[in-house]
Amino acid sequence: MFETIILITLVVIACFAVFSDNMRRSIIYLGVFSLAMALAYLYYNAPDVAIAEAAIGVGLSTVMYLVALKKVSVYDICYVNENIEQFNDDHIGSIMDSFVRPMELFLERTEEVEPQISYTNHPALEVLADENHDCILHRDGDLIYIYGDANDRIFQDIIANLNTIIPDMKDVRVVFKKEVSLNGQAE
Amino acid sequence: MARQSNRYIHILRIVLAVVGAAVMLFVYLNHSEKLNTPLMDFFTDDFLAQTGADNAVAAIYLNYRVFDTLFEALMLMVSVMEVINVSWANKHADRYQFEEDDMYYKNNSELVARMVGIVYPFVILLGLYIIANGHVSPGGGFQGGAILATALISRYLVYPNFDLDLHIIEKMEKILFLFIVLTPVLYVFMQIQPDNTVISHQVYMVFMNTLIGLKVFSGLSIIFYRFVFYEGADNTFIDR
């Protein structure tokens, strides 16, 4: 009975940790998971392992994760293509080598931020208005528009180094976000 | 073309995994030999008289299979050296100087600071207890060292400054590792023992646990402080 309760609790807490929306909450759930794990080890007559799990899982790694979370700076890129009904690997692969990968490498190597890329087929203006991305790549026909904030230091760097990041850039247009909102109203 | 070869490599990997699993299952299912428990009997029959430990786990990791412990200690030391020398921050060490005092001290949560301040000495006490009683009760050098490191980290929560000299701790860890190798080599392998009694064995156990505990403590605190103060974005403490 006790065994069943512990094991089910473990699975439930692990699910909480994985599916929670907030990273910080996930870390706390992970600590609770370690505590339950230590209890399980104790139940299986391994007190040595239980002590190690409690000390490292609850103490060290939780604090370490919290500190790391504070330090990671994520640069959020959104790729918009309204003409695609459903995104699949081929669509992503078609822009992967020419666009996304060089951009990621630039962000990682030169800017030292963590790139995070999402793909959508929602209308670009809607994405611009509603969602808070650092940078938006919008593909419209043959042209690629890059939207970003003019005051963003990383975005400025991307624009300044665009000819080294993307070898073939005659189809690329850069739009700063403030202009966009004006244009959107005008339309 | 590149995508084609990628697919072939993918299929090859799957085939290899399936073949490996099949071989494993075949060997496992065809293994019908039934053994007694000679190893368990050897380890658990008379460990108190042979090794001086009341705790069978301590008897195994400090006497019967002390070789494993040596390599575990080596592994921790290598990872600490890796963190220090190969880490990303090493290229930028000039950019990440020690933080100024008191800069973010006031922004810390008062509740956390006070509670941790109360708990802190007890955590140290528990760590020392677990190290010293490693051969009697569950625990031992590694666990006690981890708890001591946790105490140091909670000190960082109370008062986040950097007045530790990591180089001294790093050197201390290497010297401790030397002693960790030396002690069992002399005592267990070469049998240079003052006396073949339980008391002598127990002294050896406590000594080894203390060494391991201090080494794990210094290793984990180096890793933690290294991560906290050198790694990551340069606006580290602004949004605290």
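Visitor: What share of the contacts in chain B with a separation of 6 or more comes from residues 24 or more positions apart?

Guide: Residues 24 or more positions apart account for 80% of those contacts in chain B. Please keep in mind throughout that this is a predicted model.

Visitor: Take Met208(B), then. Is it buried or exposed?

Guide: Met208(B) counts as buried, because it has 26 C-beta neighbours inside 10 Å, and the cut-off for that label is 20 or more. Its place is in helix α9 of chain B.

Visitor: Which residues does Met208(B) touch, leaving aside those up to four places away in sequence?

Guide: With those left aside, Met208(B) touches Leu62(B), Gly141(B), Thr183(B) and Pro184(B). As for Val181(B), it is 27 residues from Met208(B) in sequence, while the two C-alpha atoms are 9.8 Å apart in space.

Visitor: Switching to where the chains meet: how many residues does each one bring to the contact?

Guide: Chain B brings 20 residues and chain A brings 14 residues. On the side of chain B that touches chain A, the elements giving two or more residues are α7 (141–158) and α9 (198–230) of chain B, and α7(B) gives the most, with 7 residues.

Visitor: What kinds of residues are on that side of chain B?

Guide: The side of chain B that touches chain A divides into 13 nonpolar residues, 6 polar ones and 1 charged one.

Visitor: Now chain A. What is its secondary structure made of?

Guide: Chain A comes to 8 helices and 5 strands, and along the sequence these follow the pattern α-α-α-β-α-β-α-β-β-α-α-β-α. Buried residues make up 24% of the 187 residues in chain A. Among its contacts between residues at least 6 apart in sequence, 63% join residues at least 24 apart.

Visitor: And the confidence there, what is the mean pLDDT of chain A?

Guide: The mean pLDDT of chain A is 81, and 94% of its residues reach 70 or more. Among the elements of this chain, helix α8 (residues 177–186) has the lowest mean pLDDT, at 54, whereas helix α1 (residues 2–19) has the highest, at 93.

Visitor: In what order do the strands of chain A sit in the sheet?

Guide: They form an open sheet of 5 strands in the order β2-β1-β3-β4-β5 of chain A, with mixed pairing. The strands at the edges are β2 (114–120) and β5 (172–176) of chain A, and each has a single partner strand, so one side of each is left without a neighbour in the sheet. From one strand to the next, the twist averages 20°.

Visitor: What about β1(A), which strands do bridges join it to?

Guide: Strand β1 (residues 74–81) of chain A is joined to β3 (residues 135–140) of chain A by 5 bridges, and those two run parallel. On the other pairing, 7 bridges join β1(A) to β2(A), and these also run parallel.

Visitor: Can you point me to some actual residue pairs?

Guide: Toward β3(A), Cys78(A) has Ile136(A) as its bridge partner, and Asn81(A) stands opposite Arg139(A). Toward β2(A), the bridge partner of Val74(A) is Glu114(A).

Visitor: How many residues of β1(A) are buried?

Guide: 6 of the 8 residues of β1(A) are buried, so this strand is largely enclosed by the rest of the structure. Helix α4 (residues 89–111) of chain A lies across β1 and β2 of chain A, and it runs at about 155° to β2(A).

Visitor: One last helix: how far does α2 of chain A reach?

Guide: Helix α2 (residues 23–43) of chain A has 21 residues and reaches 30 Å from its first C-alpha to its last, which is close to the 30 Å expected at 1.5 Å a residue. After α2(A) comes Asn45(A), whose phi is positive, near 60°.

Visitor: Which residues of α2(A) are buried, and what covers them?

Guide: The buried residues of α2(A) include Tyr29(A), Leu30(A), Phe33(A) and Met37(A), and what covers the buried residues of this helix includes α1 and α3 (47–71) of chain A.

Terms used: Residues are numbered from 1 along each chain as its sequence is written. Chains are lettered from A and ligands numbered from 1 in the order in which they are written. This is a predicted model: local features need pLDDT of at least 70, side-chain atom pairs count only at pLDDT 80 or more; totals for chains, interfaces and linings use all residues. Two residues are in contact if their C-beta atoms, placed from the backbone, lie within 7 Å. Helices (H or I, at least four residues) and strands (E, at least two) are DSSP runs, numbered from the N terminus. Ala, Val, Leu, Ile, Met, Phe, Trp, Tyr, Cys and Pro count as nonpolar, Asp, Glu, Lys and Arg as charged, and the others, Gly among them, as polar. pLDDT is the predictor's confidence in each residue, from 0 to 100. A residue is buried if 20 or more other C-beta atoms lie within 10 Å of its own, exposed if 12 or fewer, and partly exposed in between; C-beta atoms are placed from the backbone. Two strands pair if DSSP finds at least two bridges between them. Axes are lines fitted to C-alpha atoms, for helices over the stretch in contact, and angles run from 0 to 180 degrees between N-to-C directions. The expected span of a helix is 1.5 Å times one less than its number of residues.
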